[in-house]
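Please consult the sequence and structure shown here alongside the notes.

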Amino acid sequence: METASANRSHAYDAFLRIWSRIRNSPQRIFAIALILRVGWIIIGHTYKFKTTDDNFSFGWEMGRIAANLASGHGFSSPFGPPTGPTAWEPPLYPYLTAGVFLVFGIYSKASAFVLLVLNSLFSALTCIPIFRIAKRMFTEKVAVGAAWAWALLPNVMFWCTRAVWGTSLSALLLATVIWLALTLEERDGWRPWLEFGLLWSIIALNGTSLLSFLPAAGLWVWYRRAKCGKRSLAGIVLASVIFFACIAPWLIRNYQTFGKFIFIRDNFGAELRLGNGNGADGTLMLYLDPPHDSYAMHQFQVMGELNYIAMRKQQAVAYIKADYPRFALLSFKRFLCFWAGPPRVTDPAWLGPAKDSLFLATSVLMFWGLGRALRQRKPCAWLLFWLVALYPAIYYFVYAIPRYRHAIEPEIAILCVFLLTETGRRPTPSPRDQS
């Protein structure tokens with residue numbers, strides 16, 4: 001009995017030693033996160049997309065564009081039927097998807113598996129900037145908790161294991177650029193500014209909505225460096241040159257293709273109409289979208305992409321101008337949808353409210369944690385404030401779906417864990433930062 005007890009004790013001590021090495025290592029957290037995500041893909045067979053919709057759920061518009069690229073028809077036809085060149089989506093993820101299609105087959109299960117594994121890699125890698133941001137802002141305890149939360153929570157894993165879309169890549173890129181912004185006040189030379197401009201150009205080519213945060217990030221970096229007595233003008237100019245140089249080829253392509261300046265993508269007018277018009281209730285009116293409405297699809301084919309978008313924008317603007325108070329109420333509803341989650345009509349009676357409760361709870365904890373961080377004058381707190389204020393704003397005027405929040409969920413996780421670790425403690429100003 002004593003020998004068995006001693007063996008259990010030694011085994012437990014060995015487990016604690018291994019766990020102590022794993023739990024504080026962002027690289028090991030990343031590895032476990034990746035294993036869990038890939039395991040979920042394999043066990044859940046999430047790479048098996050339905051084919052009854054002619055594979056449209058396999059990447060939706062991005063999948064359609066990628067299929068056209070891989071089949072030699074160029075960056076075109078985002079909904080399936082031939083409609084000519086498009087700027088409906090930014091180019092980065094469709095080209096990535098097209099590359100996978102060329103190697104593993106268009107809309108094949110092998111391509112689906114590879115793309116979901118790539119998304120899972122992006123999601124798992126996000127553990128590393130989460131850890132570093134949280135450790136710099138708060139404590140190692142917060143860093144460990146936030147990184148593990150990102151690694152283990154099923155709602156985080158959902159998007160990377162089920163959707164062929166650039167969502168997980170956006171979350172990784174944003175978290176990385178925030179970490180880079182935090183370090184710029186300490187780093188000298190040209191390299192960090194080159195990295196800053198390059199990262200923002202990749203973000204722009206993957207998802208333009210995040211660019212609303214770019215001016216605030218740049219000004220915050222300039223302010224922090226100025227407080228340290230460092231000059232930033234030359235670095236900002238270099239970062240700007242790198243940014244525009246990287247996105248210029250796509251801007252030139254758009255101009256040559258459509259005969260007018262289009263900043264990366266052109267679909268804003270159509271998206272505005274999906275949230276504003278007769279029958280609007282603050283949610284996405286998906287039934288008006290060309291893939292779901294044969295009449296809208298016919299209009300898109302006959303009118304062409306730019307004319308169709310212009311028509312939809314005109315309809316939406318006319319609806320907004322006709323009743324500004326109504327538009328304000330719809331915008332408030334979309335604010336609630338973004339932070340509390342839109343109604344989930346397809347979920348079972350108990351599951352929808354459960355998901356909405358979790359969604360709302362994390363938003364409340366995030367706002368509470370952000371307020372506490374601002375009161376304590378934590379490093380980066382104001383940077384995260386501007387992220388939360390600026391990034392979602394466009395969706396309050398268009399429409400909000402849960403996927404849109406995922407891009408900033410790494411920062412939400414950090415603030416939630418920070419608040420939970422502060423439970424029962426009185427807030428005290430941080431000696432490190434007074435901004």
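The points below are grouped by topic, after a short note on the basis of the values.

The model is predicted: local features need pLDDT of at least 70, side-chain atom pairs count only at pLDDT 80 or more, and totals for chains, interfaces and linings use all residues. Residues are numbered from 1 along each chain as its sequence is written, and side-chain values use heavy atoms, with hydrogens and water left out.

**Cysteines**

- The structure holds 0 disulfides, a disulfide being a pair of cysteine sulfur atoms within 2.5 Å.
- Cysteine 228 is in no disulfide, and the nearest cysteine sulfur, 14 Å away, belongs to cysteine 380.
- With a relative accessible area of 44%, cysteine 228 is partly exposed (buried means under 20% relative accessible area, exposed over 50%, and partly exposed in between, with a 1.4 Å probe and protein chains only).
- Cysteine 337 is likewise in no disulfide; the nearest cysteine sulfur is that of cysteine 416, at 19 Å.
- Cysteine 337 counts as buried, at 9% relative accessibility.

**Cavity**

- Rolling a probe the size of a water molecule over the atoms shows where empty space is left.
- There is 1 cavity of 30 Å³ or more; a cavity is a set of points, on a 1 Å grid over the protein atoms alone, where a 1.4 Å probe fits but cannot get out.
- The largest cavity has a volume of about 40 Å³, where volume is the space filled by probe spheres set on the points, and grid points are joined across faces, edges and corners.
- Its lining consists of Ala270, Arg273, Leu274, Leu288, Asp289, Pro290, Tyr308 and Arg312, lining residues being those with an atom within 4 Å of a point.
- Helix H13 (268–273) and helix H15 (305–322) are the elements that give two or more residues to this lining; helices are DSSP runs (H or I, at least four residues), numbered from the N terminus.
- By class, the lining has 5 nonpolar, no polar and 3 charged residues (Ala, Val, Leu, Ile, Met, Phe, Trp, Tyr, Cys and Pro count as nonpolar, Asp, Glu, Lys and Arg as charged, and the others, Gly among them, as polar).

- Serine 77, although not a glycine, has a positive phi of about 50 degrees.
- Serine 77 lies in the loop between helix H3 (60–70) and helix H4 (92–104), and counts as buried at 4% relative accessibility.
- Tyrosine 107, also a residue other than glycine, has a positive phi near 60 degrees.
- The loop between H4 and helix H5 (109–125) contains tyrosine 107, which is buried with a relative accessible area of 17%.

Note on methods
On a 1 Å grid over the protein atoms alone, a cavity is a set of points where a 1.4 Å probe fits but cannot get out, and a pocket is an open set with protein on both sides within 12 Å along at least five of seven lines; lining residues have an atom within 4 Å of a point.
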